[in-house]
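Open your viewer, switch to a cartoon view and keep the sequence panel handy. Let's walk through a few stops together, one selection at a time.

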Amino acid sequence: MSCKVHEHRADVCVVGGGFAGMCAAIAAARHGAKVAILHDRPMFGGNASSEVRMWPMGAKGRNLRETGLFEEIVLANMYRNPTRAYGIWDSVLYEKVKFQEGITCFLNCSVFDAQTEDGKIRWVMGWQTTTYQHHKIWADIFIDCSGDSILAELCGAEYRFGREAASEFDESAAPTCADRKTMGNSCLIQVRETPVSISFTPPKWARSIQSEEQMATRPHLPDQFRDNNFWWMELGGEKDTIEDAEEIRDELLALSFGVWDHIKNHGDHHADRWELDWAGFLPGKRESRRYVGDHILSQKEVQAGGKFDDVIAYGGWQIDNHPPAGFDHKGEPTTYYPCPPCFGIPYRCLYSKNIDNLMFAGRNISVTHVAMAASRVMATCALLGQAAGTAAALAIKEGVSPRGVLKNIRTLQKALMDDDSYLPEHTREISPLCRSAQLEGETAEAEILRNGLDRPTESGSNLVEVPLGSEITYRLAKESFVKCARIVFDSDLNRDTVKGGIQEVRDCPTLCNRPLNMEPYTFPATMVKKFELLANGEMLCAVEENHQRLVKIEIDRPVKTLTLRPISTYGSGQARIFSFDFE
């Protein structure tokens, strides 16, 4: 029986629906592109979804939290999901993509074929396991966010696999000789505390871990469950994490059940009242193929802060280089190398060196193995996805290849900053019309609202505190046409005002291990909940349940005065506002 083939036409085709793919698809669609996204799982989120349950981590340190689409998604989850339940988290990820205008979603759809002509991909073919149908997607630009770089083999794009020799990029963390070893995979477990003692009988195929010495460097006591998601249950880096995936999965399952058997039944771990609540059967993968772009980011560049003229995202996770042997490594489960608070990532790492219309975002960008140890975490991948999707939409508008966008990199950087994506050492442009207007308000610091810095930095807080019910008004010299207003509220990037839950991981959008009688988390108290926007003294809009940091409001009319009136917050006594400007 032949399978039906459905053909579709898009401007941008995104392959992979983890955080990188989600953000790439949303960004491209919001900038006017017609987008198709294919994902081989039934739900979006990749390693962050309930199928894997890895925490989406990012830049470490104060004032460095990723904003843009990542913060938008996380705030939506905080608003709807006070106990950080995975069922609600999955629904937040699903709706952000599924109901975004301009995106057509193909879930349960694995790409297995592609056609390339004259150095360009013409189409990709996906097999949908639920409908038993093929979907052929024709597009102008393809963005591979699959993690495994599925399009590399199918279209002939240059890529790397494994670890470079230390001499190639002068990397102190690289091995002497190049090899095909990588970081491994993990099948996580989730446990919960109960009011009674619960026994555990392991399956016969569970790995035997009877000695405490085998667990010496792995945090596995109940008082460590608060901020430990068992990431160190890792194997497979000495094999091929793609070709040997099934075998690695089986070994990981035996390991995960063996670890819990050790905690419950070997030695006194005080885990009598803890039970295994969930076990992951889909491994979370850290590394496989990495594309080659016009630039390959290296360890030295990461440690130097990534000072690139074409910066389009940043990382801030340390160089976190796991040994290929994973759990079977006798020493520490990872080695950390010093890294600056944040490092820039250049646009040239996001498009293919030899396939003209291929882009990529996520852990598979153009980096060395060592640099990837810092850039691979999901919040960073989300920034990369937003940058790739925005760039793809700009390329479509301008009729150029992804490489062609590099010639007008300032347009891309402006678009990213306008969408609340922070770029280190860059300041967002304020429109001349807004700069020329007279700013009136009940605070002497009101001018900060148009300084182009939408977060706390080393130079200061960059926000104003405004009494609730008071007004901030722009008065134009003459009535002028205003397209839109842009407001950035304080979402408490450091989560200092978030209470309840497990405080050690209050900055995580999900929980892996649940103590008994955990109180729900609160929403950031600093956020403005209710506000009004007025033009020429007349109400433009009244927002009752705001839960987003960035708010853009279309105006599209002549304006003489534009007024923002914050009315209430989620707990703070004053409204805290980073930006209020217009164009």
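Before we start, keep in mind that this is a predicted model.

**Stop 1: the end of the H1 helix.** Select Ala29, which is found in helix H1 (residues 19–30). Is Ala29 buried or exposed? Its relative accessibility is 9%, and because the cut-off for buried is under 20%, Ala29 counts as buried. Now show its neighbours: leaving aside residues up to four places away in sequence, Ala29 touches Val35, Gln100, Glu101, Gly102 and Ile103. For a sense of scale, draw a distance from the C-alpha of Ala29 to the C-alpha of Lys530: the two are 501 residues apart along the chain and separated by 28 Å.

Stop 2: Next, select Arg53, in the loop between strand S2 (35–38) and helix H2 (68–80). Most residues other than glycine have a negative phi. Arg53 is not a glycine, yet its phi is positive, about 75°. Arg53 also counts as buried, with 13% relative accessibility.

**Stop 3: two helices crossing.** Follow the chain into H2 and colour it together with helix H3 (residues 86–98). Two packed helices are described by the angle between their axes and the distance between the axes. Here the axes come within 10 Å and cross at roughly 135°, which makes H2 oblique to H3. The crossing is right-handed. To see the contact, show side chains for Glu72, Ile73, Ala76, Asn77 and Arg80 on H2, then Ile88, Trp89, Ser91, Val92, Leu93, Glu95 and Lys96 on H3. What kinds of residues make up this contact? They divide into six nonpolar, two polar and four charged.

Stop 4: Jump to helix H9, residues 378–398. H9 has 21 residues and reaches 30 Å from its first C-alpha to its last, close to the 30 Å expected at 1.5 Å a residue. Then step on to Gly399, which follows H9 and has a positive phi, near 70°.

**Stop 5: another positive phi.** Finish at Asp492, in the loop between strand S21 (472–489) and strand S22 (528–535). Asp492 is a residue other than glycine, and its phi is positive, near 55°. With 7% relative accessibility, Asp492 counts as buried.

Terms used
Residues are numbered from 1 along each chain as its sequence is written. This is a predicted model: local features need pLDDT of at least 70, side-chain atom pairs count only at pLDDT 80 or more; totals for chains, interfaces and linings use all residues. Side-chain values use heavy atoms; hydrogens and water are left out. Helices (H or I, at least four residues) and strands (E, at least two) are DSSP runs, numbered from the N terminus. Buried means under 20% relative accessible area, exposed over 50%, partly exposed in between (1.4 Å probe, protein chains only). The expected span of a helix is 1.5 Å times one less than its number of residues. Axes are lines fitted to C-alpha atoms, for helices over the stretch in contact, and angles run from 0 to 180 degrees between N-to-C directions. Angles under 35 degrees count as roughly parallel, over 145 as roughly antiparallel, 65 to 115 as roughly perpendicular and the rest as oblique. A crossing is left-handed if the near helix is turned anticlockwise from the far one by less than a right angle, and right-handed if clockwise. Contact means heavy atoms within 4.5 Å. Ala, Val, Leu, Ile, Met, Phe, Trp, Tyr, Cys and Pro count as nonpolar, Asp, Glu, Lys and Arg as charged, and the others, Gly among them, as polar.
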